[in-house]
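These are my notes from going through the structure.

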Amino acid sequence: MSNIVNIVIDGKEVEAEKGAVLIDYLFKQDIDIPHFCYHPALGTDGNCRMCMVEIEGSKRPQISCDTPVKEGMVVRTQGENIEQVRRDILELELINHPVDCPTCDQAGECKLQDYYMAGGFYESRLEAESKVKAKKAVDLGKNVMLDQERCVLCTRCTRFTDEITHTNELGIFSRADHSVISTFPGQELESDYSMNIVDLCPVGALTSKDFRFNQRVWFLESFEAICSGCSKGCSIHVDHKKEKYKDDQIFRFRPREDHDVNGYFICDDGRLSYKDENDNRLNDASINQETVSTKEALTNIADVLTANPNDTLLLVSPFLSNEELALIKEYTLNNGTTLSGYSPQYYDESFADDMLRTSDRSPNRAGMMALRINENEKDFNELLSQKKVIVVIENSYFEDKAELFKDKKVILFSSKDTKVKEFANTVLPVASFLEKDGSYTNSESVTQHIKSGIRKNAPVGTLTSLWKAIESLSKEKA
Amino acid sequence: MGIKTVKRHGDTLRDKLYIPAIVSGMKTTMRHFVTNIKDNSNLITKSYPEVQPTDITDRYRGVHRLTKREDDSISCVACYMCATACPADCMFIEATERTDGVDEKMPAVFNIDLLECVFCGYCVEACPCDAIRMDTGIFSFVADQRKDFILSKEALLANTRSKDFSDD
Ligand code: SF4
Ligand code: SF4
Ligand code: SF4
Ligand code: SF4
Ligand code: FES
């Protein structure tokens, strides 16, 4: 009945689940076993031989990625013997490796480098000139660059295109020393998830064309967040950096392992959506197209809101966090304004697929629904025709519909520089999605929290802080 | 961590009076004064800038230069090792694709702010390509605007090894 067995790892008695893959169990114990080909999403392939451990009773070291946990097993992951085995395998992996770390974007997060530094340190026994040459800087399409010389032939990438995306673009060509990864002649990568092979590749053989030569990874800082590309809300790492004399800037998104949401991967569109955060930002507050201070704009907005509460429609959007939506909803309840979350423009059926992507390209519609914010079309159109003051908060609905603003007073809160600005009476910039803290609920009702790590030189206020300022200004007047 | 208390010097009455120290200092000054008045042919002080130093050694760390390969193209591959090692954080590099077939990567921008540089030479030590050196022998660098102290890639490439130094 019992599935729990007793095993010994490095002299310590522990309990493990019978039949589990040994390497998985070692990872859980925070024992970092060097490995190239094994990946929890792709399973065992057993080709790299890097994950060897000593198991008492077996003649030779065994690969831990293909060894099931058995009762009474005695495993050694350290010791002179096993470390010598690892060094020898690493030496084999490096025989034809170009060691061009200075020009390689993977440097700093490369498994070859890490394992070498952890235990290599042998003298090279091969002349640099006699190394087998192959193609470098091959553009595989979909923002993926291939360097065949750096490849350790772990087949993670080919297994990804075979088993995960089922697009089968990649394969291994030629034999022995001359084996290389490539696409079939004339073919390019086509999956919308292709860039995941950049993360999967343990070395610098597959790198991102988008990130190419932009930064060295050890300069980057990182915080955990979610992608706002669709209502799936995939977990990501945001890699950013504030360089000397420059402003904080995001350089890339990487998927974050999260078994409640996205598993191990993210889609390419979501991955590249970091650009939206950097580009096209709204920086200045304005009243009737004239730049004013934030203070002046706030006073102006407070005046308008206190003067016509019953004639005001607040239009929020599913890009706002649960906290922001709750704050504005409470304001509406207390002050007699009306509230809508109408935002059909974020639906895009063509974006949905059967992996991660959904047809709703906004991160928090479920949160908006949970707060019972009305997004009914008929109600919205009715309110729009009745109300004289329209407050648009991070909602792009009017982007191509500015004619609807005729005879209205328009207040715009936006993190983006939009055309709507030209038709708005008062414009106030707000912090963008990743510049603020907040929680978001995805289409599967998983709520995730973002704690932003971005520190801009001149940060614009978050919606929460600005809204609270407006509330207290209104109170002063009343 | 334990704290080690070190006894201060200068606590004695003789030290606190200052006079004995001043007198002994003046004695040295006067001795040099008299010697130099009598014979000024071997003064250590030079009338710089009319008289330039002649004793700069090959190991002297002067203003940087970027070296070139045998085909006269830039050696630097924009790996940022120097910028990573630099304690003054005064190297500003932007990498770009290199298309001439010599290598994959090179700097589009390579600026060193000499006002921030502490001339430690760590950048030279860190470079895996022998692409940056401080062997120009340039010990004095003059400009009247801050921005002119920022050496560009072109300026660094134009600098050469000091003629006074022996061949590599
Ligand atoms: S390209 Fe990378 S992931 Fe693919 S086989 Fe080579 S090393 Fe493995
Ligand atoms: S599936 Fe949606 S949430 Fe996930 S990365 Fe793509 S756009 Fe972002
Ligand atoms: S000499 Fe020192 S301070 Fe100056 S650029 Fe080189 S590493 Fe930086
Ligand atoms: S000078 Fe040397 S260390 Fe600095 S970026 Fe160029 S190659 Fe790298
Ligand atoms: S990770 Fe076990 S053989 Fe490659």
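This is a predicted model: local features need pLDDT of at least 70, side-chain atom pairs count only at pLDDT 80 or more; totals for chains, interfaces and linings use all residues.

I took contact to mean heavy atoms within 4.5 Å.

I then checked the nonpolar cores. Leu434(A) is listed with Ile7(A) and Phe36(A) as having the most contacts inside the largest nonpolar core, which has 75 residues. Another core lies apart from it and has 30 residues, including Val292(A), Val389(A), Val391(A) and Leu466(A).

I looked up the annotation next. An unreviewed UniProt entry places the feature "domain: 4Fe-4S Mo/W bis-MGD-type" at residues 220–281 of chain A. In the model, I read 16% helix and 35% strand for residues 220–281 of chain A, and the end C-alpha atoms of the span lie 22 Å apart.

Next entry: helix α8 of chain A. α8(A) covers residues 294–307, 14 residues in total. From first C-alpha to last, α8(A) reaches 20 Å, close to the 20 Å expected at 1.5 Å a residue. I noted the buried residues of α8(A) as Ala297(A), Leu298(A), Asn300(A), Ile301(A), Ala302(A), Val304(A) and Leu305(A). An α-helix has 3.6 residues a turn, so residues three or four places apart point the same way.

Is Arg365(A) buried or exposed? Arg365(A) counts as buried because its relative accessibility is 4%, and buried means under 20%. I placed Arg365(A) in helix α10 of chain A, residues 365–370. Neighbours within four places in sequence aside, the contacts of Arg365(A) are Pro318(A), Ser343(A), Tyr346(A), Tyr347(A), Asp360(A) and Glu375(A).

I moved on to chain B and its strands. Strand β2(B), residues 91–97, pairs with strand β3(B), residues 105–113, in the antiparallel sense over seven bridges. Within that part I found Thr96(B) opposite Met106(B) of β3(B). Which strand residue is the bridge partner of Ile112(B) in β5(B)? The partner is Leu151(B). β3(B) and β5(B), residues 150–151, pair in the antiparallel sense over two bridges.

Last, I wrote down the confidence values. Chain B has a mean pLDDT of 92, with 99% of its residues at 70 or more. For the model I recorded ipTM 0.87 and pTM 0.89.

Methods: Residues are numbered from 1 along each chain as its sequence is written. Chains are lettered from A and ligands numbered from 1 in the order in which they are written. Side-chain values use heavy atoms; hydrogens and water are left out. Two strands pair if DSSP finds at least two bridges between them. Helices (H or I, at least four residues) and strands (E, at least two) are DSSP runs, numbered from the N terminus. A nonpolar core is a set of buried Ala, Val, Leu, Ile, Met, Phe, Trp, Tyr and Cys residues joined through side-chain atoms within 4.5 Å. Buried means under 20% relative accessible area, exposed over 50%, partly exposed in between (1.4 Å probe, protein chains only). pLDDT is the predictor's confidence in each residue, from 0 to 100. The expected span of a helix is 1.5 Å times one less than its number of residues. UniProt positions are given in the numbering used here, feature names are shortened, and annotations may be inferred rather than shown by experiment.
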